Amino acid sequence: MGLVLPPGGRVWSLAELAVRIAHLTDLHVQRAPTWAELLSKRAVGAVNLYVLGRRGHFSEEVQRGLVASVREASPDLVACTGDLTALATEGEFLAARALLGPLFEAQPTVLLPGNHDTYTWRAWRRRSLEAHFAPWVGEGPWPRVRRHGEVALVSLDVCRAHPLSSGLCPLEQLERLDALLGDPALGGGAVLVLLHYPLRDRRGEPYGPGTRSLQNAAALEAVLLRHRGRVTAVLHGHEHHGFRTTLQGIPVLNPGAGGYADLRARGRRAHWCMYTVEAGRLAGVERFAWDGARFAPEPGGPWATGG
Ligand SMILES: [Fe+2]
Ligand SMILES: [Fe+2]
């Protein structure tokens, strides 16, 4: 194990300086909407969930198992890339807060909205996720930066209420991200960029379809690639079957849905990831999969099972 001599004289091993970051996404906590809440775009979503059976794609048992698994792993940081809820109702936000609050309070946590957390104009306009998860969503203009030692987490908010569930990174955020990544004040450590939508699909091609993707992903990629040497990895969710790819050498990582029910016969089960950052680089990735009773390291290594 290598040694590092910091100012002050104490010798630290790299293991001591390593930062472990748990990445979870797309838990999709569900609670049936009230009749009043159905008078919106939610009517279509509720039919999908409660009439056509999509509700059964997610499981409270697995969601509780994920919280227990991450707490047991005792990460230094937690990063959550959105879709905590399904229909962005008050009941869902309260249930998600009750489930995840104790985990998020256990260490520094960074959280951003997914398109299901901004599902209706009302939820988006009221910033419902920020209202219920204020300590972890942060405040001020996006992108927001949270530091932990040598790790900087840079969060983008690219979700909105949109009839086709597509996202958009506002021009102000692109400009601020460009300035941020070019600013020496960001420091020389690892920089993880977080957003909800994928940039690329599992084959490394631009992510589609356009109805449920980030409309201006190419513009965001152009900013990231201008600072390719500064971006350690991009973390995202939204696509419930996890995958990892690269953007001209930058790792782009998606654990897959953390709240998926145990539907292995249909190729679906829940996952979360643990990343280890050492000396400003991504030194390790572990992926945990629900095995029917608990989360365990994915057989064969991260994303080896393909889903
Ligand atoms: Fe999702
Ligand atoms: Fe999503």
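The following questions and answers walk through a predicted model of one protein chain.

Student: How many helices and strands are there in the protein chain?
Tutor: The protein chain has 307 residues, and 45% of them count as buried. Among contacts with a separation of 6 or more, 70% join residues 24 or more positions apart. As for the elements, the chain has nine helices and 14 strands.

Student: How are helices α3 and α4 oriented to each other?
Tutor: Two packed helices are described by the angle between their axes and the distance between the axes. Here α3 covers residues 60-73 and α4 covers residues 90-104, and their axes come within 10 Å. The axes cross at roughly 5°. Angles under 35 degrees count as roughly parallel, and α3 and α4 are therefore roughly parallel.

Student: Which residues of α4 make the contact with α3?
Tutor: On the α3 side the contact is made by Gln 63, Arg 64, Val 67, Val 70 and Arg 71. By class, the contact of α3 with α4 has five nonpolar, one polar and two charged residues. On the α4 side the residues are Leu 99, Leu 100 and Leu 103.

Student: How far does helix α8 reach from its first C-alpha to its last?
Tutor: Helix α8 spans residues 171-182, which makes twelve residues. At 1.5 Å a residue, 16 Å is expected. The reach in the model is close to that, at 17 Å.

Student: Do the buried residues of α8 lie on the same side or on opposite sides?
Tutor: The buried residues in α8 are Gln 173, Leu 177, Leu 180 and Leu 181. They cover an arc of only 90° around the axis, so they lie on the same side of α8.

Student: Which elements do those buried residues of α8 pack against?
Tutor: The face of α8 turned away from its buried side carries exposed residues, including Glu 172 and Glu 175. Leu 171, Ala 179 and Gly 182 are also among the exposed residues of that face. The buried residues of α8 pack against β6, β7 and α9.

Student: Where is Ser 74, and is it buried or exposed?
Tutor: Most residues other than glycine have a negative phi. Ser 74 is not a glycine, yet it has a positive phi of about 50°. Ser 74 is found in the loop between α3 and β4. Its C-beta neighbours inside 10 Å number 10, so Ser 74 counts as exposed.

Student: Is Asp 83 buried or exposed?
Tutor: Asp 83 also is not a glycine and has a positive phi, of about 60°. Asp 83 sits in the loop between β4 and α4. A residue with 20 or more other C-beta atoms within 10 Å counts as buried. Asp 83 has 27, so Asp 83 is buried.

Student: Which residue does a cis peptide bond join to Pro 209?
Tutor: Most peptide bonds are trans. Pro 209 is in the loop between β8 and α9. The cis bond there has omega of about 0°, and the residue joined to Pro 209 is Gly 208.

Student: What separates the C-alpha atoms of Asp 201 and Thr 246?
Tutor: Asp 201 lies in the loop between β8 and α9. Asp 201 has 14 other C-beta atoms within 10 Å, so it is partly exposed. Thr 246 is 45 residues apart from Asp 201 along the chain, and their C-alpha atoms are separated by 9.7 Å.

Note on methods. Residues are numbered from 1 along each chain as its sequence is written. Chains are lettered from A and ligands numbered from 1 in the order in which they are written. This is a predicted model: local features need pLDDT of at least 70, side-chain atom pairs count only at pLDDT 80 or more; totals for chains, interfaces and linings use all residues. Axes are lines fitted to C-alpha atoms, for helices over the stretch in contact, and angles run from 0 to 180 degrees between N-to-C directions. Helices (H or I, at least four residues) and strands (E, at least two) are DSSP runs, numbered from the N terminus. Angles under 35 degrees count as roughly parallel, over 145 as roughly antiparallel, 65 to 115 as roughly perpendicular and the rest as oblique. Two residues are in contact if their C-beta atoms, placed from the backbone, lie within 7 Å. Ala, Val, Leu, Ile, Met, Phe, Trp, Tyr, Cys and Pro count as nonpolar, Asp, Glu, Lys and Arg as charged, and the others, Gly among them, as polar. A residue is buried if 20 or more other C-beta atoms lie within 10 Å of its own, exposed if 12 or fewer, and partly exposed in between; C-beta atoms are placed from the backbone. The expected span of a helix is 1.5 Å times one less than its number of residues. The arc is that of the directions from the helix axis to the C-beta atoms.
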